[in-house]
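Let us walk through this structure a few residues at a time. Keep the 3D view open and find each residue as it comes up.

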Amino acid sequence: MPAGPLIGIDIGSQQIKIAELRPGKTGLTITALGIGPTPIGVVQNNIITDPAAMGAAIKQLMRESGISVKRAVGCITGQNAVVIRIIEVPRMTDAELKETMKWEVERHVPFAPSETMLDYQPLVPRTPEAASGPNMEVLLAVAQQDAVSNYIDTLFAAGLDPVAIDIEPLAISRAILDLQDGRPVARPQAPLGEPAFADAGADETVAIVNIGAANTDI
């Protein structure tokens with residue numbers, strides 16, 4: 001993520017949430033927060049249908065919350081707008097994987113591939129056996145073109161500079177990452193019956209449940 005102050009925006013079906021973050025010696029610090037109502041009728045099936053109205057609402061909320069930063073990171077969600085899959089494909093080069101993902105979209109996405117935007121990331125093998133095996137795992141994220149375009153138009157209407165558009169479940173999962181030198185590190189998990197923070201030396205498995213007014217992500 002680029003250095004410097006940023007704002008994170010969460011546009012829900014009922015509320016808009018904005019957080020202003022500024023870098024400091026100990027990491028990012030939240031310097032302002034804003035929560036306000038989502039304009040009625042401007043979000044349909046998780047897609048913003050009126051970017052101008054939504055942009056005006058965001059601009060007003062920023063003014064009321066004392067938020068001045070213009071560089072923004074947003075996120076989209078909803079099963080009608082976003083598909084996230086971990087898929088297994090034969091091990092291949094980066095160039096071959098880029099071409100393969102175009103065909104994988106047709107297999108895994110319920111809307112027309114010509115109306116989508118996609119991104120993907122090969123996953124780090126979890127075991128030596130997996131690293132030397134014939135197949136590899138890839139995280140595939142696909143969003144409807146209209147959902148992304150209207151979101152960006154909304155940020156422009158609010159006078160903001162879009163830095164990134166993330167997928168909501170992935171954005172939320174980063175909240176529990178422990179970082180060291182900018183890279184995630186595993187936290188120890190205690191065996192059953194031992195204190196929760198004992199140094200057991202095992203990787204921890206965590207589920208995050210995000211319950212919104214219209215969507216629930218796990």
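Start with Asn46, which sits in the loop between β4 and β5. Remember that this is a predicted model. Asn46 has a phi near 70°, a positive value in a residue other than glycine. Most residues other than glycine have a negative phi.

Now look at Asn45. This residue lies in the loop between β4 (43-44) and β5 (47-48). Asn45 also has a positive phi, near 55°, and is not a glycine. Its relative accessibility is 56%. Exposed means over 50%, so Asn45 counts as exposed.

Next, move to strand β9, which covers residues 135-144. Gln144 is found in this strand. Gln144 has a relative accessibility of 17%. Buried means under 20%, so Gln144 counts as buried. Which residues does Gln144 touch, not counting residues up to four places away in sequence? They are Ile47, Asn80, Ala81, Phe111, Glu115 and Thr116. One of them, Ile47, belongs to β5 (47-48).

Finally, turn to the surface. Val209, Ile211 and Ile218 make a nonpolar patch there, of about 370 Å². Find Ile218 in the segment after β14 (216-217). Ile218 has a relative accessible area of 79%. That value is over 50%, so Ile218 is exposed.

Technical notes:
Residues are numbered from 1 along each chain as its sequence is written. This is a predicted model: local features need pLDDT of at least 70, side-chain atom pairs count only at pLDDT 80 or more; totals for chains, interfaces and linings use all residues. Side-chain values use heavy atoms; hydrogens and water are left out. Patches are made of residues with over 30% relative accessible area and no salt bridge: like charges are joined within 9 Å, nonpolar side chains (Val, Leu, Ile, Met, Phe, Trp, Tyr) within 5 Å. Accessible areas come from the Shrake-Rupley method with a 1.4 Å probe; for residues, only the protein chains shown count as cover. A salt bridge is a side-chain nitrogen of Lys or Arg within 4 Å of a carboxyl oxygen of Asp or Glu. Helices (H or I, at least four residues) and strands (E, at least two) are DSSP runs, numbered from the N terminus. Buried means under 20% relative accessible area, exposed over 50%, partly exposed in between (1.4 Å probe, protein chains only). Contact means heavy atoms within 4.5 Å.
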